[in-house]
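Please read the briefing below alongside the sequence and the coordinates.

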Amino acid sequence: MLDHAVSAPPAKSPRLGPGPAINGVPPSFDRRQGFSNCYFRLGLPVDFDGGLLIGDGDAGARPGRGSPPAWHYLRLRELVFAQGELIEAVDHSPIAAALRERDRAFGDAGRVIGYPAAQDWRAAFAYDYGFFE
């Protein structure tokens, strides 16, 4: 899913429009998805090295605006890839629950990093995702 900006005259902002076909798959538009272009079943290999976090299920109210901290998801998984191949999938939901409980008890997500479980949290992941910046 992505947005594709279409050029506009200098006096106007770019508008969103249909994007190109990718790997022979044209985009579809679905307002419920929140993006102007949705691509399904691309079958496109991606040579990716790194980690990917997948969060699912809000554990409570989101603090402020933007994305919540990773520990605010009920289910949190880390997928680790090497040359496009999935080499590890780890469920980090239990440690996320521990940090969530600390956040709930003290009401200060910024100070969660001082909690002893935060050290376990840092050590648990294969990559540094900038959780505490």
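Helices (H or I, at least four residues) and strands (E, at least two) are DSSP runs, numbered from the N terminus. Read along the sequence, the protein follows the order β-β-β-β-β-β-β-α-α, with 2 helices and 7 strands. This is a predicted model, in which local features need pLDDT of at least 70 and side-chain atom pairs count only at pLDDT 80 or more, whereas totals for chains, interfaces and linings use all residues. Residues are numbered from 1 along each chain as its sequence is written, and side-chain values use heavy atoms, with hydrogens and water left out.

**Burial**
- Of the 133 residues, 25% count as buried, meaning under 20% relative accessible area, with exposed being over 50% and partly exposed in between (1.4 Å probe, protein chains only).

- Ala-82 stands opposite Glu-85 in E7, and Gln-83, in the hairpin with 2 residues between the strands, takes a positive phi near 50°.

**Glu-78**
- Glu-78 lies in strand E6, and its side chain makes a polar contact with the side chain of His-92 at 3.1 Å (a pair of N or O atoms within 3.5 Å; within protein, one must be able to donate a hydrogen and the other to accept it, and residues adjacent in sequence count only if both atoms are side-chain atoms).

**Leu-44**
- Leu-44 lies in the loop between strand E4 (35–38) and strand E5 (50–58), and counts as partly exposed because its relative accessibility is 40%.

Notes
Pairing = 2+ DSSP bridges.
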